[in-house]
Each structure stands twice: as C-alpha cells, then as structure tokens.
Amino acid sequence: MNIIVCLKQVPGTTKVNINPETNTLMRQGIENIINPFDAYALEEGVRLKERYGGKVTVISMGPPQAEAALREAISLGADEAILIGDRAFAGADTLATSYTLSRAIKKIKDFDLVICGRQTIDGDTAQVGPETAEMLRIAFVSYVSKVEEVKEGLIQVHRLIEEGHETIEATLPALITVVKEINVPRLPSLRGKAKAKSAVIPTWTAQELETDPARVGLTGSPTRVVKIFSPQRTRTGEVLQGSPEEQIDSLIKKLRGSQLI
Amino acid sequence: MGIKINIETCTGCASCVAVCPFGVMEIKDDKAYVNVGCTLCGACKEACAFEAVIIEEEAKAPAAEGHRGIWVFAEQREGEIKSVGYELLSRGRELADSLQAEPSGRGLKTELCAVCLGNNIKNAEQLIAYGADKVFLVDDPALGSQSEDLYAGALVKLIQEHKPEIVLVGATSLGRSLIPRVAATLQTGLTADCTDLAIDTEKRLLLQTRPAFGGNIMATIICEAKRPQMATVRPRVFAKKPFSGRQGQIIKVDFDKAAVTSKTRLLSFVADLKEKIKIEDADIIVSGGRGLEKPENFKLIEELARVMGAAVGSSRPPVDEGWIPYSHQVGQTGKTVRPKLYIACGISGSVQHLAGMQTSECIVAINNDPNAPIFEIATYGIVGDLFKVVPMMIDKLKG
C-alpha cells in the first residue's frame, strides 16, 4: 500500500505574545515543529505500511527551511520526502494550497491513501484536507480516530464527530484526516536519524508540477486578510470580598437577583 | 501583485518587523526585507512612517456578475434542524437587509435563503420564522445517512443554479468537513470558524472575522473576486432572533440520485451518551480545569452542576490528562458555548479556553490565583480555594 502523508512545518507554539505597549506581536525565539496533527498522520502512515507493506512518502509545501520537518519525518519512518517549494506558491490560502498539493499528489501518481492531520495549529482551518480530496476527486473521511482495516480496495475507519462515533467504509484511493486519538507517535530511531541525515529530498517547483499560475500562491488565493487586531476585553468584573462564606452568599444573591439561577 | 521596499526611503527602523503578524519581515543590511510567507495584509505599510512599503495590487477581475442573495446551510440531524442554522439566519437577515438598503444594489432584491438537505425534515417552516425568504428543501431517503458526498453534490448543483453571493454554514463536524469540498469544487474562497460577520455594503463584500494564532489576534478576511463568498461560523456566536408571522416560501427540490454517487458508506453509529445535559444547549455550565488536580475531584464539579441543573464542561488540560471525555472540552479546539451562566472552577483562563466561552452572559470565576487571566473577563470572581468554596456553594444551594 502506497501512502502519502501531507505535513506542514509550524511555529512550535501558539502562544504569540503581544507587546502591551506597542500592541504588536513578539515572536522571537520560536522554533519550528511538525504540525502536531500531522505527526499523528505520519505515525498512522508508518503503522499502516508496517501492517500492509508499501511505502510512505511525505510531502510538504513550504519555504526551504521546511526541509527540516521532512528530514524529521524520515527519521520517524517515512521512506521518501518531497518539498513543494517555489516563490510562486507563497501566500497561498487553503484553496491555492490544496490545488498545489493535489498537483504534487497527482505527480506521485501511484498511491492508495493520503493522510493529513485534521488541522494545523497555526491556521486552524481544517480545510486543506477536504479541499485536496475534492480536487483529486477521491473518497474523503474526516476526524478519523482508528483505521480498522484495509482490504480489497476498501478502507474501514472510525470517525469522531460531535454526536458520537461512526464506522465508515470508503473506496480507495482515499484521503483521510486524523485526530489525536488515533495513535501515540513514536520517537525517532537511531537508524531513522542516520537515514534522515543522508536522505536526498527533491524540491518540486511550479515548473515540475505544471501548475496553473492563476491557481497558486497569492494570485490563486481568493481570500485575503485585510485587517489584524487585538481582541477587545471589555468586561468589567467584580471580585467579591469578605470571608469565603460571605463571598458565596453575595454571589448566590447576585445570581438570583439577575434570575440566572 | 506583490510587496516592495523602497530602499531609498527605508531607514531600517524595523517598525515593520515588529508589526508583521506572519513574522516574514527582516532587516538585512539596514533595510527591510520581505521573506516568503507574506500575505500582503498591509500591517507593515500602515506602520511605516517613511512610506517605504509599496504594495502593488493587481486589479483582480471583478466578481462575477449576477450573484445575488445570502444562503444559509441549515444542518439537520435525524430530521431535526440544528440551532446554528437559526442563528445564521438571524444574522443573515440583518446582512441581507443592509445589502438591500444599499443604492449600488440597483434595486435588485437581496434574498435570504435557507437550504436544508435530509430525510423527513421536521419544521422547515421554522426557517422562515427566523428570517428566510425562501427555503430550498431537499428531502430524500438517500440523504438520511448524512453522506457528505451526496450533500456536496446536491449543494454544488443548487449553488451553481441559483448563484448566491454569500453562503454561510455552521462550523459543526459536518459543516467543517463538507463545505471545504463544496468551496473547492466551486473554486471559491472559504473562511473557517468565523466569530463575527459584517458587510461592506458598497462593495457587497462579506467581512469575515476569525481568531488567528490561537485566538491571540483577530483577522478580518475578504473574498473579493470569487463568488459565492463562503464562511463557516461557530455555533452560538450569533443569537437567535425569531419573528412572528413572517411569510416565506418553501421550495421542494428533487434529489437527483443519478448525478452523484457516494464513495463512502456509513456502517454504524454509536451516540456519545456520557453527557446528561449537552453543554452546547445548556443554560448553565459548570467547568473544571487544571486546578482540580486529580480526576476524582471532577465529582465536585459534577455535584455542583447537578444541584444547579447545569452541564459539565472542562478546559483543555483535564481532557488531555484523560480525566473527562473530549466532548466536554470548551475552547478553541473544543466547543464554543454561550450559556446564561458559566462557572469556571480552577481554570486559569488561557486564550484558547476564553475563545470558547467569553460570550457567555455571566461568568463566575473561582480560582486561588488572583492574577489568573480568567478574572479579567469574569463578571464575578471569587479568589479562594475551590475545594472549600465549591462544597460550601453546593451546601448553600441545596439548603
């Protein structure tokens, strides 16, 4: 079974601090990591390969430094890695990203399953998985928490939704997005680290992918950020005073007064 | 289209570096330099005192003509229409009315329509009561199992046929999974998880605001040249506002079975029955956080919830620790709630938690750290040991 895992390199923390005086972002000294949800996707890909044979190819669209994330993926069990990088791809929103990824997946051609993390921790949109599946015109299942089995051109998975969990059967090739309940990612092995060090990671550019210039990067992105601002915290609260008992009495009185209880 | 730095006027003051939300500005050889990843948001241009940042905007092709009206996807499950559909119609009504009042609309009617797909859908007329002028109802046994393939196919067809300019969808499990596929087929923009929607009436642009970077910063996003403009919106962001005696039209649409086939099949469904009262629907929520220290102590939260007739919520750490199932998690990566009363016990108030509950009507915080951020947004705060305060509260409410 040939598996493609899509991953993204993201800042290692979502705690972007804001300088209260200048109201600007402070992002010094944040290191980049593999998006945590994508780490589950990679682990699941490697486990499926161990179960059914085949190979795992990781792809990542990003700047040249994203190669570090791909190398790490090889140390974690991926067989091959491809960086999808071109200045023309920069500034892509989810639609342009999905288009570019789908071109790369089509170029790889021989695949049964594409695995993506449910969402990234920096963008938080959860749109690239489903949009890529649609552009490939293949089966799609989101929020996968367990792969039950793969056989005879079908994959059976468990899926977590708000109301409970579903068991779904999909035809291959398929794209699934995974949630963190699916597995516990392994640590890199010594052999993996050695392999990662010597791995040759090709970069596929717009030319190799034969992408339509109107559909990639900023030009191919219908959405655009027009304003960025700090959330307003306007609530003026009251810290209750007195002994714990007095505070509770006063709280209950206030809540009853406003007919909240 | 692109960004340039005028090196003649750039002084290398780095004010652009400080404001760049994407961290792509850098000072090289005493001049500003733009790295890969710029989205042309313009923050640097605004911050530059020397007009050294030049953003060249390619005139985008104007949005296709002839798209009119606002659509709301009214999600149902087992025939019951979900609340988020009514919430979006209530906001959609206001947006449609403001577009209608705009002279550049050339007097063409801006209708608000609901579209609902399913089997044996109940109370579709309620969609009219919440503001819809028209309801497109696709009711077919094939749509009973919520196959996203069939839903996506039917929706794309309806949108292509009727050409709405805006499509709003609840950011539920289904919405967030289904709608990106519709947007991809239509090759249009989609903004996820909006917490506010407004309209630039003159340009007929939907101003879509969502938290970025884990909720520390809000970003407003537009989709200029493609139609429809699509957004998912978290449940309970907007209030439901029913009208009485509103008139509207229900249009039954046949589902064309031959046009779409499903590549997936639902084999079984097991409902999550753990929660007694669903937190999304509760008027009162009692939530526990890291301050509970151990899983057994959640009993205290459950007991307080029981005497108040409340649902039980949680911040992220107890869920990560496995003290309580994910379905109870409130926050950016959990559920958004908007109860009348939210009681946070031993929750410090990380941005990620606040993103899921800060629109609650009344917030009570119980925490032993007087500097916890939760007190910044609490209506009433009790600084104290929750292991003393909560049992005392339970006793008083029982008595």
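1. Basis. The model is predicted: local features need pLDDT of at least 70, side-chain atom pairs count only at pLDDT 80 or more, and totals for chains, interfaces and linings use all residues. Residues are numbered from 1 along each chain as its sequence is written, chains are lettered from A and ligands numbered from 1 in the order in which they are written, and side-chain values use heavy atoms, with hydrogens and water left out.

2. Extent of the interface. Chain A contributes 80 residues and chain B 91 residues to the contact, where contact means heavy atoms within 4.5 Å. Together the two chains bury about 7,800 Å², of which 56% lies on carbon and sulfur atoms. Buried area is the accessible area (1.4 Å probe) that two parts lose on being put together, summed over both.

3. Ten salt bridges are counted between chain A and chain B; the criterion is a side-chain nitrogen of Lys or Arg within 4 Å of a carboxyl oxygen of Asp or Glu. One of them joins Lys396(B) to Asp249(A), with 3.0 Å between the closest N and O atoms. Helix 7 (residues 244-257) of chain A supplies ten residues, the largest share of the side of chain A that touches chain B. Helices (H or I, at least four residues) and strands (E, at least two) are DSSP runs, numbered from the N terminus. That side of chain A comprises 33 nonpolar, 21 polar and 26 charged residues; Ala, Val, Leu, Ile, Met, Phe, Trp, Tyr, Cys and Pro count as nonpolar, Asp, Glu, Lys and Arg as charged, and the others, Gly among them, as polar.

4. Ten strands form an open sheet of mixed pairing, in the order 13(A)-7(A)-6(A)-1(A)-8(A)-12(A)-9(A)-10(A)-11(A)-17(B). Strand 13 (203-204) of chain A and strand 17 of chain B stand at the edges with a single partner strand each, so one side of each has no neighbour in the sheet. Two strands pair if DSSP finds at least two bridges between them. Strand 11 (residues 164-171) of chain A and strand 17 (residues 264-271) of chain B are antiparallel and share seven bridges; Ala170(A) has Thr264(B) as its bridge partner.

5. Within chain A. Strand 1 (residues 2-6) and strand 6 (residues 55-61) of chain A run parallel and are joined by five bridges, with Asn2(A) partnered by Lys55(A). Helix 1 (residues 36-52) of chain A packs on the sheet, and its direction makes about 150° with that of strand 8 of chain A. Axes are lines fitted to C-alpha atoms, for helices over the stretch in contact, and angles run from 0 to 180 degrees between N-to-C directions.

6. The sheet of chain B. Seven strands of chain B form an open, parallel sheet in the order 11-15-10-5-8-9-16. Its edge strands are strand 11 (190-194) and strand 16 (249-252) of chain B, each pairing on one side only. Strand 8 (residues 112-118) and strand 9 (residues 134-139) of chain B run parallel over six bridges, and Val115(B) stands opposite Phe136(B). Helix 5 (residues 148-162) of chain B packs on this sheet, at about 155° to the direction of strand 8 of chain B.

7. Backbone points to inspect. Most residues other than glycine have a negative phi, and most peptide bonds are trans. The peptide bond from Leu172(A) to Pro173(A) is cis, with omega near -5°; Pro173(A) lies in the loop between strand 11 and strand 12 of chain A. Arg227(B) and Pro228(B) are also joined by a cis peptide bond, with omega about -5°. Glu210(A), which is not a glycine, has a positive phi of about 50°.
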